[in-house]
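Subject: A structure to look through

Dear colleague,

Here is the structure I said I would pass on to you. Please open it beside this message, and read the notes below with the chain in view.

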Amino acid sequence: MKRIAIIGAGLAGLTCGKALQQAGHDVVIFEKSRGIGGRLATRRAEPFYFDHGVAAFTASNDDFQSFVNQLLAEGVIAVWAVHQATPDNSFVSTVSTKPNSVPRVSDNYVGIPAMNAIGKHLASGLTVQRNTRVASIIDHHPIFNSWELLSDKGETLGQFDWIISAMPVEQAKSFAQTSLHTKVLNKYALMPCSVLMLGFDTPLALDYEYAKIEGEDIDKIIVNSAKPHREGGYSLVIHSTPAWTNRHIEEDKTACINHLTQAASQVLGIDLSTAAHKDIHHWRYAIGEAANPQSGDHQLGYLLDNDQNIGVCGDWLLKGDVESAYLSGKKLAKAMIELLKSE
Ligand SMILES: Cc1cc2nc3c(=O)[nH]c(=O)nc-3n(C[C@H](O)[C@H](O)[C@H](O)COP(=O)(O)OP(=O)(O)OC[C@H]3O[C@@H](n4cnc5c(N)ncnc54)[C@H](O)[C@@H]3O)c2cc1C
C-alpha cells in the first residue's frame with residue numbers, strides 16, 4: 001500500500017483517487033476551493049443557480065459512456081434534451097413565441113440538481129481536504145523518494161510516497177520538479193472563458209435553451225434554469241470567446257458585465273440589462289485547445305515519472321473536456337496500479 005497525495009479535486013483527481021483507493025492505496029486529495037468538482041461548478045445567488053463552469057457535456061468514448069450510464073442510473077446526472085439554435089445566428093429571427101420550433105439535441109448531460117452534484121457524488125468515501133492550497137512539494141527523503149507537501153500557509157500537509165498533480169496545466173507547471181517536466185508541460189495549454197450570469201424575475205421569450213454564436217464576443221447562450229431538475233429563478237449563462245477574455249480579464253468587473261450583457265442583448269434582440277442579478281466569473285483555464293480543430297499530439301492522456309514518483313493527469317492531456325478529465329484520471333490510475341503491483 002502506498003500513501004498517495006492528489007492535488008486537485010476536479011473530475012480527473014477524483015476519478016484517479018477513487019480507482020487508486022479501490023486498489024488498496026491510502027489516498028488524500030487536497031483542494032484549494034471550498035467546493036469539490038473543479039470546473040464542474042455551480043454558483044448560488046438566491047433565488048438563482050448558475051452552472052458557471054461547463055454547461056453540459058457529451059460522451060464519445062465507450063469507457064466514458066459506461067461511467068455516464070452509471071451516473072444516470074444513480075440519479076447524479078440527467079440527459080438534457082435541449083432545443084439548440086443554429087450557429088449562424090439565424091435563430092435571431094426565430095426568437096418568438098413558437099415553442100419547440102428548434103430541433104432538440106439529446107446527448108447533452110448535466111449534473112442534477114446542479115453541475116456540482118457530480119464532484120460531491122464522486123468525493124463520497126474519499127478523503128478530500130478542502131480549502132487547502134498546496135503551495136510546494138519538498139523532496140525530503142531522496143533515497144526513499146518520499147515527498148512532503150506544504151500549504152500556502154506554510155503548514156506541512158504530510159508525507160507521501162507518490163504525488164499526483166490533477167490541476168490545470170498552468171498550475172501544474174509551478175510544481176514541475178525538473179526542466180524535463182517543464183519542457184513536456186509547455187506543449188499543453190487551456191483556453192480562457194468569461195462566464196456572465198444573469199438572473200431574471202420573469203422568464204424571457206426564447207424558443208431554445210442553448211445557442212452557439214459566431215462572429216461576436218460571446219460564444220454561447222445557455223438558459224441554465226431550463227436544465228432538468230433545476231430549482232430557483234430564470235437564469236441565463238453566457239460564455240465569452242477566449243479572445244475576448246484574453247483582452248479583458250484584468251479590466252473592471254462591472255465594465256465586463258456591461259459589455260457582455262450588451263453584446264448578448266444585441267444578438268438576442270432583447271434588453272438583458274434589466275436582469276435582477278448580474279455577475280461574472282473569469283476562468284483563466286477553461287477548456288482545451290484540442291476541442292478546436294487544431295488538436296495537438298494527445299495520446300497517452302497522463303504523465304508518469306517512476307523515478308521521482310510523480311503522476312500527472314487532467315483534461316488538458318487529452319482534448320481538454322469533461323470526457324478527457326475522466327479518461328486521464330482513469331488511465332493514470334490504471335498505469336500506477338500496474339506499476340505498484342510489480343514493486
Ligand atoms: C466555462 C467553461 C466551459 C466549458 N465547456 C465545456 C464543454 O462544453 N464541454 C466539455 O466537455 N467541457 C467543457 N469545459 C471543460 C471541463 O469543465 C473540464 O475539461 C473538466 O471539468 C476538467 O476537469 P479536471 O479535473 O481536469 O480539472 P479541474 O476541474 O480544473 O480540477 C482541478 C482542480 O485543482 C484545484 N487546484 C488547482 N491548483 C491547486 C492547488 N495548488 N492546490 C489544491 N488544489 C488546486 C482546482 O481548484 C480544481 O478544483 C468547460 C469549462 C469551463 C470553465
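In which loop is proline 113 found? Proline 113 sits in the loop between strand 6 (104–111) and helix 3 (117–123), where helices (H or I, at least four residues) and strands (E, at least two) are DSSP runs, numbered from the N terminus.

Before going further, please keep in mind that this is a predicted model, in which local features need pLDDT of at least 70 and side-chain atom pairs count only at pLDDT 80 or more, while totals for chains, interfaces and linings use all residues. Residues are numbered from 1 along each chain as its sequence is written.

Confidence
The chain averages a pLDDT (the predictor's confidence in each residue, from 0 to 100) of 89, and 90% of the residues score at least 70. Two stretches call for caution: pLDDT stays under 50 over residues 91–100, for which the model has 19 contacts beyond four places in sequence, and it also stays under 50 over residues 291–297, for which there are 7 such contacts. Two residues are in contact if their C-beta atoms, placed from the backbone, lie within 7 Å. Where pLDDT is low, the predicted coordinates should not be read in detail.

The chain as a whole
The secondary structure comes to 8 helices and 18 strands. Of the 343 residues, 44% count as buried, a term that applies if 20 or more other C-beta atoms lie within 10 Å of a residue's own, whereas a residue is exposed if there are 12 or fewer and partly exposed in between, with the C-beta atoms placed from the backbone. Among contacts between residues at least 6 apart in sequence, 69% join residues at least 24 apart.

Helix 1 (residues 11–22) and helix 8 (residues 322–341) pack at an angle of about 30 degrees, with their axes 7 Å apart; axes are lines fitted to C-alpha atoms, for helices over the stretch in contact, and angles run from 0 to 180 degrees between N-to-C directions. That angle makes helix 1 roughly parallel to helix 8, because angles under 35 degrees count as roughly parallel, over 145 as roughly antiparallel, 65 to 115 as roughly perpendicular and the rest as oblique. Among the residues that make the contact are Leu11, Cys16 and Leu20 of helix 1, together with Tyr326, Leu332 and Ile337 of helix 8.

Details of the backbone
Most residues other than glycine have a negative phi, and most peptide bonds are trans. A cis peptide bond joins isoleucine 112 and proline 113, with omega about 0 degrees, and the bond from glutamate 46 to proline 47 is cis as well, with omega near 5 degrees. Proline 47 is found in the loop between strand 3 (43–45) and strand 4 (48–50).

Histidine 229 is not a glycine, yet it has a positive phi of about 60 degrees, and it lies in the loop between strand 14 (218–223) and strand 15 (234–240). Asparagine 309, in the loop between strand 17 (303–305) and strand 18 (310–312), has a positive phi near 60 degrees. Is each of these residues buried or exposed? Histidine 229 counts as exposed, because it has 12 C-beta neighbours inside 10 Å, whereas asparagine 309 counts as buried, because it has 22.
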